[in-house]
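Please look through the structure shown here and follow how its parts meet.

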Amino acid sequence: MIRIAPEQKTHRRYEIAEHFLRENIEGGRLPTGFVLLEGPIAEILQISRAPVQRALAKLEADKLVHRFNGRGFLVGSQDMGVAPNRSDIKALGLIIPQHVDEALQSRSSWERIYNTVEHDVAGCVVFGLYRIVEIELADHFKVSRTVVRDVLSRLQERGLVRKNQSSHWIAGPLTAQSIKDHFSLRRMLEPSALIAGAAHISNAKICELFVRMTNLEATAQEGHSDKLEELQRQMIDLCVLATPHERMRELIRNNLLPVTAAERLLRHLGLPDDPTTITEMRLVVELLMRGAVAAAAAMLEAHLDASMKRMIAQLKIVAVLPTPTATADYLTRLGDVTANPVPGRLSGPDTDPHHS
């Protein structure tokens, strides 16, 4: 077995996740048939979902886990035919091996708090404009101002926070205009990326994704939203981010972050998904599967246009909901939206006129 050497100073996060899962599977603490979900694993290791996703893909290639007709991966090879075990992974008492723990502890300090800050910020921006005070954020997590600035700089790169004219850190508001801006960029980038990367897409994986989308489209099971979110992410990863242009992939990922965070929050608020969403996504994948790349790109454009309209309609519903009473103590609400909160006109001296 390949191990992370303790003397190494830095480690890739997907390697940390892979070794954690591999040792618990091989040690029998993760039983055959157990359902592995990216979110809970990321929480245990305090890393983002992306490296967990990559770790699971590596374990899948080694036949230690496999996909099934549901959300996540099952422990064990596909030919075992076991029933899914959806117990809470945190209740299993998994062991973090010493070399993995050392790798986790050696991560930069900003990485340890980044996911929590990103979650807190994304959860408030649909309700208005918020200010983040560096010293309060530092006190909240018991870290230095340098660490805080690293976190905020990365959030700024991903479009979740910005500095206003007074050099204050500002988050939000998510408005109809900002949604249009993000989707306009998606419409410019993603269909072009799909065309550029079509030759690099795995035919086997695209067929598998098509089957999973077709199954979800034909049913209305509990947990539909979670499955839809997972399939949407897989479609982006497989069909859009297959482009060989690294800079384009980076632009797409950064632009998607506030959009997907807002979509997730809207779902958590209880707003239902439109059943036509999965149909649109399935058509994109089906056209790609049939080799109709230009038609798939056109269908992706239509899907993005429809998604933008759906999200703006949901935001209008949120506009009449009360502002959450509990937010992280380092987030301070600024001003109030005027008569129509959806277009994004805010009052107060901290409003940045260059951002909607």
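In this predicted model, helices H6 and H7 are roughly perpendicular to each other, because their packing angle is about 110° and angles of 65 to 115 degrees count as roughly perpendicular. H6 covers residues 134–141, and H7 covers residues 145–157. Their axes lie 9 Å apart.

Which residues make the contact between H6 and H7? On the H6 side they are Glu134, Ile135, Leu137 and Ala138. On the H7 side they are Arg145, Val148, Arg149 and Leu152. Sorted by class, this contact has 5 nonpolar residues and 3 charged ones. It has no polar residues.

**Backbone spots**

Most residues other than glycine have a negative phi, and most peptide bonds are trans. Some places in this model go the other way.

Start with Lys142. It sits in the loop between H6 and H7. Its phi is positive, about 55°, although Lys142 is not a glycine. Is Lys142 buried or exposed? Lys142 is exposed, with a relative accessible area of 72%.

Ser167 is another case. Its phi is also positive, at about 65°, and it is not a glycine either. Ser167 is found in the loop between strand S5 (161–163) and S6. Ser167 is partly exposed, with a relative accessible area of 48%.

Now move to the peptide bond between Gly172 and Pro173. This bond is cis, with an omega of about -5°. Pro173 belongs to the loop that runs between strand S6 (169–171) and helix H8 (176–197).

**Charged pairs**

Side chains of opposite charge can pair when their charged atoms come close. How many salt bridges does the structure hold? It holds 19.

| Residue pair | Closest N to O distance |
|---|---|
| Arg233 and Glu38 | 3.0 Å |

Take Arg233 and Glu38, which form a salt bridge. Arg233 lies in helix H10 (residues 224–240), and Glu38 lies in helix H2 (residues 38–45), so this pair ties together parts that are 195 residues apart in sequence. Arg233 is partly exposed, with a relative accessible area of 24%. Glu38 is buried, at 11%.

Glu208 is in helix H9 (residues 203–218) and Arg67 is in strand S2 (residues 65–67), so the pair links parts 141 residues apart in sequence. Glu208 is partly exposed, at 31% relative accessibility. Arg67 is partly exposed too, with a relative accessible area of 22%.

Arg282 is buried, with a relative accessible area of 17%. Glu217 counts as partly exposed, at 26% relative accessibility.

Salt bridges can also join up. Which residues are linked in a network of salt bridges? They are Glu18, Arg22, Lys58 and Asp62.

Terms used:
Residues are numbered from 1 along each chain as its sequence is written. This is a predicted model: local features need pLDDT of at least 70, side-chain atom pairs count only at pLDDT 80 or more; totals for chains, interfaces and linings use all residues. Side-chain values use heavy atoms; hydrogens and water are left out. Axes are lines fitted to C-alpha atoms, for helices over the stretch in contact, and angles run from 0 to 180 degrees between N-to-C directions. Helices (H or I, at least four residues) and strands (E, at least two) are DSSP runs, numbered from the N terminus. Angles under 35 degrees count as roughly parallel, over 145 as roughly antiparallel, 65 to 115 as roughly perpendicular and the rest as oblique. Contact means heavy atoms within 4.5 Å. Ala, Val, Leu, Ile, Met, Phe, Trp, Tyr, Cys and Pro count as nonpolar, Asp, Glu, Lys and Arg as charged, and the others, Gly among them, as polar. Buried means under 20% relative accessible area, exposed over 50%, partly exposed in between (1.4 Å probe, protein chains only). A salt bridge is a side-chain nitrogen of Lys or Arg within 4 Å of a carboxyl oxygen of Asp or Glu.
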